[in-house]
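Here is a friendly walk through one model, written to be read with the structure open beside you. Please keep the view at hand as you go.

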Amino acid sequence: MAMGFRRYRLGMEWTDSLFKLVELHQRRGRVRVTEAVVHPLPPGWLRNGEIVEPDHVIQAIRDALEGKKLHTRKVRIAVGGSHVRVMRRRLPELGKRKLCKWIRDQVLAEAHLPWDDPVFDCYRVGHVWEDGGEQDAVIVTASRRMVSALASLAEWGGLEPVGLEPAPLGLARWLSYALPEVFSNRMTVQVSPRSVEVSFFEGEIWLETRSISLSMEPFAEGERLRDPPGAPLLKEEEEVRRYGEALSVALREVLASFRERAGWLPKEWVLTGEGVDFTLLRDRLKPEEGVSVTISPFPGELLAEGLRERIPPSLGPSLSVPIGLWLDGGMSV
């Protein structure tokens with residue numbers, strides 16, 4: 001599989017609870033994760049699409065990077081799927097400049113986006129079969145203010161952003177890399193302590209992402225010791241059972257809405273993210289017959305020897321997005 005880099009590159013993701021950074025290196029076609037950083041972020045740092053107390057976020061990034069001997073500061077940043085809108089459209093065969101204008105005038109102007117300052121990118125699906133024919137494409141758009149704010153946070157934290165990309169696409173490329181033989185129409189379920197992002201893929205085409213507000217805190221029992229960053233908040237069987245039941249109800253609602261629009265349901269669910277024991281959660285979800293539930297693979301074979309002792313398997317799913325950002329190129333917003 002062709003990779004979109006030849007030297008050291010950084011992939012970065014921030015969720016509602018964690019800052020995550022990985023350094024990747026390719027040599028002679030072999031990919032290695034040479035550094036991985038997981039650090040807590042201030043609670044509620046992102047509310048309703050606005051960054052709250054950015055100075056605290058910047059300090060968290062600096063604290064996370066302190067003492068780390070990174071080979072580069074160039075970073076590609078993941079933008080959460082709830083801050084992005086994806087649309088599949090038929091586009092005319094035009095040059096890049098004219099196509100951008102056509103998308104602004106004919107697509108974005110009528111898309112009823114939740115922001116008034118859209119920035120976008122698109123990628124074509126399939127082939128143009130005849131001169132002047134239409135082209136199937138996926139258009140991804142986000143708020144320019146949000147994109148600029150995230151890039152500025154990274155810069156003030158000491159990094160050099162070279163692109164921002166929707167997190168669902170980074171996750172999809174990691175799954176395509178790690179599970180190439182079982183890639184199918186799938187749903188990814190990215191959980192975090194305060195929310196869940198559910199994304200749908202038709203083959204390799206990202207269709208949409210839905211956000212579910214579901215906090216893990218009501219399901220946690222008793223006092224919590226200060227665990228290492230990224231350690232599961234929910235790890236007891238009863239905690240995960242109750243959380244899994246609530247998540248199952250929310251997923252059924254999302255799936256019913258998706259089936260009404262798309263006319264089909266995914267045959268594979270993939271769990272990823274942080275905050276819960278995924279092995280217990282997988283066993284608690286009860287999809288329809290014929291639907292498999294898997295966990296995003298632990299990147300053990302990619303970890304440099306020194307990292308294998310520091311990165312426990314429980315952290316593996318949380319690294320899926322930042323690793324995937326640099327696999328096989330990427331699309332920015």
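Histidine 112 has a relative accessible area of 76%, and because anything over 50% counts as exposed, this residue is exposed. You will find histidine 112 in the loop between α2 (96–107) and β8 (118–124). Its backbone is worth a look too: in this predicted model, the phi of histidine 112 is positive, about 55°, although the residue is not a glycine.

Glutamate 53 also has a positive phi, near 50°, and it too is a residue other than glycine. Glutamate 53 sits in the loop between β5 (50–51) and α1 (54–65). The table sets out these two residues.

| Residue | Phi | Loop |
|---|---|---|
| Histidine 112 | about 55° | between α2 (96–107) and β8 (118–124) |

Now for a pair of helices. Two packed helices are described by the angle between their axes and the distance between the axes. For α1 and helix α3 (residues 144–156), the axes come within 8 Å and cross at roughly 50°. The two helices are therefore oblique to each other, and their crossing is right-handed. Which residues meet in this contact of α1 and α3? From α1 come Pro54, Val57, Ile58, Ile61 and Arg62, and they meet Leu153, Ala154 and Trp156 in α3. By type, the residues of this contact divide into 7 nonpolar, no polar and 1 charged.

Let us turn to a sheet. Strands of a sheet pair through backbone hydrogen bonds, either parallel or antiparallel. Here 5 strands form an open sheet with mixed pairing, in the order β13-β12-β11-β14-β15. Why is one side of β13 and of β15 left without a neighbour in the sheet? β13 (205–213) and β15 (292–295) stand at the edges and each has a single partner strand, so one side of each has no neighbour there. On average, neighbouring strands of this sheet are turned by 20° against each other, direction ignored.

Strand β12 (residues 195–202) runs antiparallel to β13, and 8 bridges join the two. Within this pairing, serine 199 stands opposite threonine 209 in β13.

Helix α5 (residues 237–262) lies across β11 (186–191), β12, β13 and β14 (268–273). Relative to β13, helix α5 runs at about 135°.

Notes: Residues are numbered from 1 along each chain as its sequence is written. This is a predicted model: local features need pLDDT of at least 70, side-chain atom pairs count only at pLDDT 80 or more; totals for chains, interfaces and linings use all residues. Side-chain values use heavy atoms; hydrogens and water are left out. Two strands pair if DSSP finds at least two bridges between them. Helices (H or I, at least four residues) and strands (E, at least two) are DSSP runs, numbered from the N terminus. Axes are lines fitted to C-alpha atoms, for helices over the stretch in contact, and angles run from 0 to 180 degrees between N-to-C directions. Contact means heavy atoms within 4.5 Å. Buried means under 20% relative accessible area, exposed over 50%, partly exposed in between (1.4 Å probe, protein chains only). Angles under 35 degrees count as roughly parallel, over 145 as roughly antiparallel, 65 to 115 as roughly perpendicular and the rest as oblique. A crossing is left-handed if the near helix is turned anticlockwise from the far one by less than a right angle, and right-handed if clockwise. Ala, Val, Leu, Ile, Met, Phe, Trp, Tyr, Cys and Pro count as nonpolar, Asp, Glu, Lys and Arg as charged, and the others, Gly among them, as polar.
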